[in-house]
Amino acid sequence: MKDVRLRRLLPFGAAVVLGLLYAAGAIFGGGSTAAAWAPVVAVAGVAGSLFYASQRARDKVSREAWRWFAVAATCWSVGATINAVSRIVLSRAVVSLSLGDLFNLVAVIALAIGFIVPVRLDRNTRTWVRYAADTYVCAAALFVLGWVALFGQLYQLSGESPGEFLVELIYPLVDAVLVCAVLPFVLGSRPGHRRSALMAYGALVAIATADVIATAVRLRGGAVPGNAGDVARFAGLLLLGAAPWVESGPPADDTGEPHGTMIGPGITPAAAAGAAALFVAGHSLTGAHGLEPVVSIVAGSATLVLLARLAGLLHENEGLRRAVGASEEHFRALAESVNGVVLICDLEGNVQYVSVGAQQTFRYEPGELLGRPLQEIIHPEDLPRVEELFAEFVEGFPEGLPDGTDADTEPEQPMAKALKLAYRVRAADGTWLPTESTISRYARSSDESGGRLLVTTRDLSEQAALQRQVTHLTFHDGLTGLPNRAYFEERTREVLARQEPARVAVVFVDLDGFTAVNDSAGHAAGDQVLAQAARRLRGAVQAEDTVARWGGDEFAVLVENPAEGQAVVDLAERLLRDLSEEPYRVGNRGIALTASVGIAFAEDGLASGDLIRNGDLAMARAKELAGGRVELFAAHMHADVVRRLELGGDLQRALAEEQFSVEFQPVVELSTKRITGVEALVRWRRDGEFVPPEEFIGPAEESGLMIPLGNWVLREACREVSGWRAQSWEIGLSVNFTARQIAAPRFVDSVASILEETGLPPHALTLEVKEEVLVEDDQNVERLSALRDLGVRLAIDDFGTGYASMAYLGQLPVDVIKIDPSFVAGLGSDETLTLLTRTIVRLGHDLGLAVVAEGIERPEQLDLLREMGCPRGQGFLVARPMPAERIAALAPASVPVRGSAVSAG
């Protein structure tokens, strides 16, 4: 940075030294040879400085300007050389026009071109006519002033003709014209170049002054060394040589296009001053010794030009006035057509104009707002923010130039052109309307200070209402009108963040059997049921509690500030009653449903997501326990779920690695103790640890692995029993099947294929199914009937639990009924269960069905069953489940014992 500054100061210093050399030679040199050549060296140095500046210029426009200035300095150097030679040859100064003066004249013209090059020229003919008129009037004024002050007296003393005298005045005349002509270009130069242009213009004025003095000296008939003309010329050369090195601001883009703007009408004040000078001079001449003809001609023509110029200005002003009036009309028409309110106010916010939209939008009459500050109708909560932003925006308006800012310097950051604000406005009826306003500077030709603001305001009430509707739909269920899952989760998070955990609980509710409603009555009926359930839930809870539709037929309740834990339990039981006691009305039908309800309480450190999960788990536990009940979350529920997930992941690997095995529990004739059949039971040892069937059958069902696992069990069991039957042991096989297995594609074909593959006769296989499988799904009954047609027998497992009534039993395609262990467990101790068991045995005998009692564990149970005439039974008292090789050991003596065991799988 320091080196750059030094390089810029060196040419400037050189120009100063050369100027001092010129001054010293002119003032102290007298008529010596050194004095004659001092101006030549000085002007040559200035030319060199300008040529050097043109080579180092930062853009093409500046480069051209300095090049023309260098040409001017070169011409002055040539003229000075000619004059120096003439002075040395003639041994005296030249007092008349010479060849050197021609180069000096060309130099002045080249200097003027240097001012014009950086400015973009206007292509409008009227602009150039105005420019020529202003220049002529200004130059004429300078001529008349010069004539009155100096040249008139010299003309009287010279005795020359007017033509000869005008030739003597060629320098002052050309200088006067150029000084006036280049001023618009100097004032219109780009900011970064303006300082240098003003310094170069000062050089032109100084040189013009020097020419006037030199001409006056020459007309007096001699040359005085060290006259004031040399001092002025010294100042001019010094300014010209230093002008390129004071250029500031960023460079223009190097496209070669000018970047200044010609200022035409700006010279008019100078023309007016010139006209005043004409009249003053004319008066002076008239009162003294009469008006010289040339002065009369110049003054008269300048006056005519000035009058024509004034007439043009009046015409332009009239056009501008009409344009302003039309623009006002257009503005009002535009303001009235805008869908909003248009205001004009001062910098204090006082309203000066109001469009008719104020009446349509805010129901104000236009006159009601005029003269009032905007702050009066802005909502108090929004006012501090609006005032702060408004003040910052208004402070950005420039009043002239900020302190310390250079006129040639571009602003570092542009001023904000518009300000957008959102705030509430009070309407005439007192309501607060959401609005958005755009505030911008409003300036007209009569208001160039920018002291007013244009405010365009539009009503956002419809957008706000739409936004509220979108928000409502985002966080509410469209069917029931209740909050949805997203709202419930967010609300739970907020409540836990601000309240004690002990004062918060969630209740989850699920409608039991709702899927059957959709399947039987249709989804429209299901929607009606859900809407009615939502109304019952909403009516049963406190106003501060949140009821939400969680999804499907599940609902969630967020209980805030319960008096105690029992109050939440009471609420859950009340919800269960309200949802279960009354049937749901769908058209003319009544649909009875029950519900499963789960409760979870918040704890210290428990996240909202975990609280919701616990409530859902408690509800799922209630549903697993046949529904129609309330369950309170316990920690083991989460552990059970995790365990089920882990089991589901391990089941696939266990099936692939054959970790399963099949055990058989004998079914015997109670009267003879003869084994008539076996029930196949699947077993799983997971990493050497026995896993109870009730723990992995459910996950297998949920994961879809029950179908391949069931097929594997059926195949292994059929292969084993088929081998026993091949040894003349008439033994049957019973295998349990779930509803999902029966509903699987190709179920009938799969069972038939396994029977054919293993060679087991169809009549030796009995499929055991739960009562609900036969009652709830007609398609399952059709598939089981197809297997009965093949000869496979069908048994109802755990009969008596309530799904199949005894009167309906004769219509089912079954061959065997197996009495539920809960009935057998009550034999001898519960008269009701004993009576029911006796009834089932008699009913089976009457219908021709085989009856098997399950769960025989005590001798008195066995005795009572024999006394009732129950033909068959199974249980731990009769025989426990055992591997295939142990079953083979129980075969009749005539039947060889097979030693092969069922392979694990």
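Leaving aside its neighbours within four places in sequence, which residues is N518 in contact with? They are H523 and G526, where contact means heavy atoms within 4.5 Å.

## What you're looking at

This is a predicted model, where local features need pLDDT of at least 70, side-chain atom pairs count only at pLDDT 80 or more, and totals for chains, interfaces and linings use all residues. Residues are numbered from 1 along each chain as its sequence is written, and side-chain values use heavy atoms, with hydrogens and water left out.

## The whole protein

The protein has 31 helices and 23 strands. Both are DSSP runs numbered from the N terminus: helices are H or I with at least four residues, strands are E with at least two.

Of its 905 residues, 44% count as buried. Buried means under 20% relative accessible area, exposed over 50%, and partly exposed in between (1.4 Å probe, protein chains only). The accessible surface comes to about 44,500 Å², with 57% of that belonging to carbon and sulfur atoms; such areas come from the Shrake-Rupley method with a 1.4 Å probe, and for residues only the protein chains shown count as cover. As for contacts between residues at least 6 apart in sequence, 68% join residues at least 24 apart.

## Back to N518

N518 sits in helix α17, which covers residues 514-521. With a relative accessible area of 16%, N518 is buried.

## V71 in helix α3

V71 belongs to helix α3, residues 60-90. Its relative accessible area is 31%, so V71 is partly exposed.
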